[in-house]
Amino acid sequence: MAGYLVSDNRKVTTHRFMEMKQKGEKISMLTSYDYTMAGIVDKAGIDAILIGDSASNVMAGNQTTLPITVDQMIYHASSVVRAVQRALVVCDMPFGSYQIGSHDAVANAIRIMKESGCDALKLEGGVEIIDKVKRILDAGIPVMGHLGLTPQSINKFGTYAVRAKEEAEAEKLISDAKLLADTGCFGVVLEKVPAQLAARVTSEISVPTIGIGAGNGCDGQVLVVADMLGMTQGFSPRFLRRYANLNEVITDAVGNYVSDVKSGDFPNESESY
C-alpha cells in the first residue's frame with residue numbers, strides 16, 4: 001500500500017509509536033468514523049486513526065461530545081476497523097463509560113475492544129481517573145491519555161478556551177502527563193494548551209505526545225478529518241489548517257446532479273441498459 005511519505009508499510013502498533021518518538025519521526029493522526037473515509041485516510045499513509053467521540057458532533061449533530069454512547073462508538077469503531085490495514089486504530093471511551101467506577105470502566109473497555117476490534121482506547125483526564133486507567137491497562141488493553149482541553153468536561157469548564165495558561169494548572173498538567181506515562185499509557189493527547197508547555201511535557205515524558213492546538217513541539221498531530229477537509233463550515237480555530245474545501249466540491253457535485261436529473265440529461269443513452 002503506497003502512501004505519500006510512507007516507506008514503512010508495517011502495521012502501526014503502540015510499540016511503533018514509541019519507536020517513532022525515539023527516532024524523532026513525527027506521528028500523523030486523523031479522526032475517522034466510517035468505513036469509506038477510514039479506507040481513504042489509511043491508504044494515504046496516516047499513522048493513526050482516532051474514532052473520536054467528536055462523532056457526536058460531526059456525525060450526529062450534537063452540540064457536545066457528551067450524548068454519544070458506548071453502542072454508537074462501537075458502531076463507528078467497527079466500521080473503521082474493517083477498512084484499515086496499516087494505521088493504529090484508537091477509540092475514545094465516551095462520557096459516562098469510565099467515570100463511574102473501575103468495574104464499569106474495565107467492563108466497557110473490554111466490550112469496546114472485543115466488539116470493535118480496535119487497537120487501543122483513549123480516556124480523558126489525569127490523576128482523577130488514574131485508577132481506571134491502571135485497571136484497564138491491567139486487563140491488557142493499551143490506553144492513550146488526553147489532557148488539556150477535555151471536551152467531556154465542557155460543563156465543568158464552561159468554555160472551549162485554551163487550558164493550562166495559569167501556573168497551577170500547567171504544573172498539574174505536567175504532573176498528570178508524567179503519571180499517565182509512568183502508569184503505562186503509550187501516548188498522551190494534548191489539546192489546546194500553550195505551545196511552550198506542550199513542548200516541555202513532550203521533552204519530559206517517555207511516551208509520544210499528540211497535539212491539537214498545542215504547537216509544533218509535540219511528537220505528532222491530530223485533527224478532525226471533516227474539519228481539515230473543509231467539510232465543516234463556521235469552525236475556524238487557530239490550530240485548524242484546511243487542506244481542501246470539500247464542502248464546496250460536494251455542493252457543486254450535488255447541484256450539478258440535481259440539474260442533470262431535472263433537465264433529463266441524466267441518465268443518457270450510454271448510462272442506460
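This is a predicted model: local features need pLDDT of at least 70, side-chain atom pairs count only at pLDDT 80 or more; totals for chains, interfaces and linings use all residues.
Residues are numbered from 1 along each chain as its sequence is written, and side-chain values use heavy atoms, with hydrogens and water left out.

Let's start inside. A nonpolar core here is a set of buried Ala, Val, Leu, Ile, Met, Phe, Trp, Tyr and Cys residues joined through side-chain atoms within 4.5 Å. Buried means under 20% relative accessible area, exposed means over 50%, and partly exposed is in between (1.4 Å probe, protein chains only). The largest nonpolar core has 64 residues, and the members that touch the most others are L121, L123, V133, I136 and L190. Take I136 as a way in: setting aside neighbours within four places in sequence, I136 is in contact (heavy atoms within 4.5 Å) with M93, A105, V106, A109, L123, I141 and V143. Apart from that core lies another one, of 16 residues, with I27, L50, L88 and M144 among them.

Now for the cysteines. Count a disulfide as a pair of cysteine sulfur atoms within 2.5 Å, and the structure holds zero of them. C91 is in no disulfide, and the nearest cysteine sulfur, that of C118, is 5.1 Å away. C118 is likewise in no disulfide, with the sulfur of C91 as its nearest. As for cover, C91 is buried at 0% relative accessibility, and C118 is buried too, with a relative accessible area of 6%.

On to charges. Side chains of opposite charge can pair when their charged atoms come close. The criterion used for a salt bridge is a side-chain nitrogen of Lys or Arg within 4 Å of a carboxyl oxygen of Asp or Glu, and a search of the whole structure turns up 15. One of them joins R10 and E19, at 3.8 Å from N to O; R10 is partly exposed at 45% relative accessibility.

(Helices are DSSP runs of H or I with at least four residues, strands are runs of E with at least two, and both are numbered from the N terminus.) Both partners are partly exposed: D119 at 23% relative accessibility, K11 at 32%. Not counting residues up to four places away in sequence, D119 touches K11, A87, L88, V89, M113 and P142. The C-alpha atoms of D119 and T13 are separated by 7.8 Å, although the two residues are 106 apart along the chain.

A second bridge that spans the sequence is K172 with E128, whose closest N and O atoms are 2.8 Å apart. K172 lies in helix α8 (residues 167-183) and E128 in the loop between β4 and α6 (130-138), so the pair links parts 44 residues apart in sequence. K172 is partly exposed at 33% relative accessibility, and E128 is partly exposed at 45%. Elsewhere, salt bridges that share partners join E171, K178, R200 and E204 into one network.

Next, the surface. M231, V249, I250, V254, Y257, V258, V261 and F266 make a nonpolar surface patch of about 670 Å². For the bookkeeping, patches are made of residues with over 30% relative accessible area and no salt bridge; like charges are joined within 9 Å, and nonpolar side chains (Val, Leu, Ile, Met, Phe, Trp, Tyr) within 5 Å. Accessible areas come from the Shrake-Rupley method with a 1.4 Å probe, and for residues only the protein chains shown count as cover. V249, one of the patch members, is found in helix α11 (residues 246-263). N256 lies in helix α11 as well and is partly exposed, with a relative accessible area of 49%. N256 and K26 are 230 residues apart in sequence and 41 Å apart in space, C-alpha to C-alpha.

Finally, the backbone. The peptide bond from F266 to P267 is cis, with omega near -5°, and P267 is placed in the segment after α11. K192 has a positive phi of about 50° although it is not a glycine; look for K192 in the loop between β6 (187-191) and α9 (195-204).
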